[in-house]
Amino acid sequence: MSRDYRIRRHTWGDPELHVEGGESMRHRLDIIHSNMMQRCYNPNSTYYPRYGGRGIIVCEEWKNSRNAFKQWAIANGYADYLTIDRIDNNQGYSPSNCRWVTIRANCNNRGSCRFVTAFGETHSLMEWSNILGISYNTLKKRVIDHGEDGEYLLRPSRREVVSV
């Protein structure tokens with residue numbers, strides 16, 4: 001008797017293999033652990049150069065025990081809508097350097113994230129875009145093309161809304 005196997009995509013974007021009428025064969029934490037290991041130890045991984053290629057490793061406890069990783073995750077606020085984040089991007093995956101955050105917060109912790117201080121506050125370009133209602137692409141272009149920073153970078157756009 002054959003079983004019906006199918007891939008189901010969830011809102012967090014990780015595929016899970018399911019068996020008809022049965023439990024999930026892989027839990028999301030298994031997938032996160034597997035992806036973490038691939039980024040750090042598989043030179044054929046697309047992301048290896050940004051992780052393992054620059055010395056990012058997985059602590060021995062998590063490397064040797066997926067269950068240890070799962071226990072840490074559950075004890076430290078894991079939820080399906082969160083993603084794992086390394087607090088210090090130059091350090092590896094370990095209990096003291098990882099946390100669960102929203103995807104937006106994780107994006108603000110990337111090495112490529114540009115922070116701007118203006119009006120006595122420091123935020124990423126994406127956060128300033130949301131705060132001021134200026135397009136992220138406009139802010140990014142100002143930084144790349146003009147090297148602008150501070151309050152001048154965050155000035156309102158010169159384009160005016162034309163009423164007809």
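Analyst: Helices (H or I, at least four residues) and strands (E, at least two) are DSSP runs, numbered from the N terminus. This is a predicted model, in which local features need pLDDT of at least 70 and side-chain atom pairs count only at pLDDT 80 or more, while totals for chains, interfaces and linings use all residues. Residues are numbered from 1 along each chain as its sequence is written, and side-chain values use heavy atoms, with hydrogens and water left out.

User: OK, how many helices and strands does the protein have?

Analyst: The protein has seven helices and six strands, and along the sequence they follow the pattern β-β-α-α-α-β-β-α-β-β-α-α-α.

User: And what share of the residues is buried?

Analyst: Of the 164 residues, 37% count as buried, where buried means under 20% relative accessible area, exposed over 50%, and partly exposed in between (1.4 Å probe, protein chains only).

User: Switching to charges, how many salt bridges are there in the whole structure?

Analyst: A search of the whole structure finds three, a salt bridge being a side-chain nitrogen of Lys or Arg within 4 Å of a carboxyl oxygen of Asp or Glu.

User: Which residue does R66 pair with?

Analyst: R66 meets D30 in a salt bridge, at 3.7 Å from N to O. D30 lies in helix α1 (residues 28-41) and R66 in helix α3 (residues 66-75), so the pair ties together parts that are 36 residues apart in sequence.

User: Is D30 buried or exposed?

Analyst: D30 counts as buried, at 10% relative accessibility, whereas R66 is partly exposed at 34%.

User: What about K70?

Analyst: The side chain of K70 also forms a salt bridge with D30, at 2.9 Å from N to O. That pair links helix α3, which holds K70, to helix α1, which holds D30, across 40 residues.

User: Which residue is the partner of D85?

Analyst: D85 forms a salt bridge with R99, with the closest N and O atoms 2.7 Å apart. Here D85 sits in strand β3 (residues 83-86) and R99 in strand β4 (residues 98-101), 14 residues apart. D85 is buried at 2% relative accessibility, while R99 is partly exposed at 35%. As for the other bridges, shared partners join D30, R66 and K70 into one network.

User: Last one, where does I131 lie?

Analyst: I131 lies in helix α5 (residues 125-132), and its relative accessible area of 48% makes I131 partly exposed.
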